[in-house]
Number of protein chains: 2
Amino acid sequence: MPNWLLPEYIEDILPAEAYHIEMLRRSMIDHLMVHGYRLVSPPLIEFVESLLSGSGSDMDLQMFKVIDQLSGRMMGLRADMTPQVARIDAHLLNCGGVTRLCYANSVLHTVPSGLTQTREPLQIGAEIYGHQGLESDLEIQRLMIRCLELSGVNKLHIDLGHVAVFRGIIKNANLSQNLEDELFAILQAKDTTALKSVCKVLKKSTRDALLLLPELYGDKIILQEAKKRLPPHKEIALALEQLDRVGKTLKPLVETLAFDLADLRGYHYHTGVVFAAYSNGCSNAIALGGRYDEIGKSYGRARPATGFSMDLRELSRLIEGKSYPMGIRAPYLKNDKDLELKINQLRNEGHIVIVELPDQAEITSGCDRQLVLKKGEWIVEEL
Amino acid sequence: MPNWLLPEYIEDILPAEAYHIEMLRRSMIDHLMVHGYRLVSPPLIEFVESLLSGSGSDMDLQMFKVIDQLSGRMMGLRADMTPQVARIDAHLLNCGGVTRLCYANSVLHTVPSGLTQTREPLQIGAEIYGHQGLESDLEIQRLMIRCLELSGVNKLHIDLGHVAVFRGIIKNANLSQNLEDELFAILQAKDTTALKSVCKVLKKSTRDALLLLPELYGDKIILQEAKKRLPPHKEIALALEQLDRVGKTLKPLVETLAFDLADLRGYHYHTGVVFAAYSNGCSNAIALGGRYDEIGKSYGRARPATGFSMDLRELSRLIEGKSYPMGIRAPYLKNDKDLELKINQLRNEGHIVIVELPDQAEITSGCDRQLVLKKGEWIVEEL
């Protein structure tokens, strides 16, 4: 097998794409930073126990493992940066008030999470710690929408869900942990046949509620439907009220918006409103997020938290017509101070100037202009 | 053991440092790009054979390995990006002329390469492919020096060496590969006792030349000394001539410069002039590079190549007094259009504006100004 072949779902990013991703990354980090999100950069590799704290077995299977030669312990390559950033909030910054953090870096997955997806997403995201109210959820959601707009993605669709609806039904039914896990997995997979079969053993009110969930997808009418037909538990009523508020705020900002009360996708650690953004040309969600108030607990400090993340590679793939900026060709002349000055000036203005080297085999490509000497002056001329 | 403990030589980058590294990274990438170096981003993970192509066993030991669940083959986490970028030049871009590429991303090492060094360097570098002459070496060296200056490092010291000096002595002595490898390792470690002992079995001219190498460290006088006392092989004479030219060009650009003819440090694949930059406050080289004309061969296309790389983390550590930019605190007011407008305007100008959330436990930190309403107008006031 030729040694330049890459593993499946692993790719090089070549100049036009790399340039586009770099610019996207910068504009998003800048946008997050002016909103008060402080940049952090957790390591690529940590002990497995740290990376798995507060998350489920999905993450364990997605994570490459290696032995630490210095301690003999097992380390994992991060598959998600959210738990790492929560660890930084809980342990390192240790601030009592509201903390806003952002990050942008590669994560690795043992297997691709979708048919078209890379095993090396470039995860960018933002998190707010230390605030319980819906205002922080709204700040995060607005920020996600604005970041997607900045990237050039338009006609956004947003799906909203709330983990407390399912949790409320389960909690009041006193189910075993095993049965809860099974129902969770079935609903995540939207497998209604399996749902019907498992629900048979449950009491009627629980069964009716669970079987109703997959139908509760659509516009704000389904919130009224849910209020009418789901059990009248306090946490469910609160969840529906929160969804209504979030829906009203975000609706004017996007093309379409829907509620999905069976949506338990995403992270195992969510506790409140969850959301996903979609766009034409991509069947997978292009950005995901939600509230997860418990994650810091395993690091010694449970803090209310809400955040979003997305994959810059996937996002960049949705944008068409990317190209690398063209340069200006310059001749190689030793000790021509005027030429040197002109080149420096052009570069300081942000132009790409490529000096041809002596005895080059081919003329420099990637240029649409050149520097020529006319009447004793170096000027830029179209090619 | 607490689950927030990180493995040795693995660290979080917290906001002040992360911000500094981000800005450093951007200014260097911009600098490389305006010089015509096109940005590429090879993957974190590849098949081991690809990553080891053209490099030695050092790299093999430095590389974490994992099994690819999709192919059953062994993959490595890159410990160096240079071979990856050479693969991109040789196979993907496949351009006949001169190609300039740059990159900036994390690499991982199984063990730290120095006492103070991280196992996760942030490697940034630039390479020229397809040009044999010393002009491309000089372009790369000047670029490296300028990048280091941009980062705020000053009082640079440059060490220059040339692999052909040692190779010339060995080639003309007809040594076994084993003996050559042993001598190489001994010279790399600058272990003169071992050198004396191994040299005993060699013929006098080879022995004298090898024993002389560790002494050939210093200013341009040692080039004359080398010319006089080393065997009169053509490749050695050419190497000394090249070192002289490079030294003359770089001397005015740095604080001090020395030649080191026993310097075989760095990569196993070097073939020509090699160089290293040092600065006060760091005993390790802060940037390294050299010519390596053979590396593309294993990917099907040997191309002349020269380049440099450095670790942005290490570099950032040398700079003192880093701080995160301070923000402007703004109150949370629903539907105050004037306030919203003012906040957007400030953020567009690049200011950090942090909106306080309702019922925050503590006042927002990290701000030195605030937005206040005075005579019906929102103005920024010092705190």
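Me: Where do the domain bounds in this predicted model come from?

Reply: Domain bounds come from an automatic or database domain assignment. For chain A that assignment gives domain 1 as 15-317 and domain 2 as 327-382. The C-alpha centres of domain 1 of chain A and domain 2 of chain A are 50 Å apart.

Me: How do you know that the copies meet through the same surface?

Reply: Of the interface residues of chain B, 100% are also interface residues in chain A, so the same surface is used by the copies.

Me: What makes α5(A) and α11(A) a contacting pair of helices?

Reply: Residues count as in contact if their C-beta atoms lie within 7 Å. The contact is made by Leu134(A), Asp137(A), Leu138(A) and Gln141(A) of α5(A), and by Gln242(A), Arg245(A), Val246(A), Thr249(A) and Leu250(A) of α11(A). By class, four residues in this contact are nonpolar, three polar and two charged.

Me: At what angle do the axes of helix α5 and helix α11 of chain A cross, and in which hand does α5(A) pass α11(A)?

Reply: The axes of α5 (residues 134-150) and α11 (residues 234-250) of chain A come within 11 Å and cross at roughly 35 degrees. The crossing of α5(A) past α11(A) is right-handed.

Definitions and conventions: Residues numbered from 1 in each chain as written. Chains lettered and ligands numbered in written order. Predicted model: local features only at pLDDT ≥ 70, side-chain atom pairs only at ≥ 80, totals over all residues. Contact = placed C-beta atoms within 7 Å. Axes fitted to C-alpha atoms, helices over the stretch in contact; angles between N-to-C directions. Helix = DSSP H or I, 4+ residues; strand = E, 2+ residues; numbered from the N terminus. Left-handed = near helix turned anticlockwise from the far one by under 90°. Nonpolar A, V, L, I, M, F, W, Y, C, P; charged D, E, K, R; others polar.
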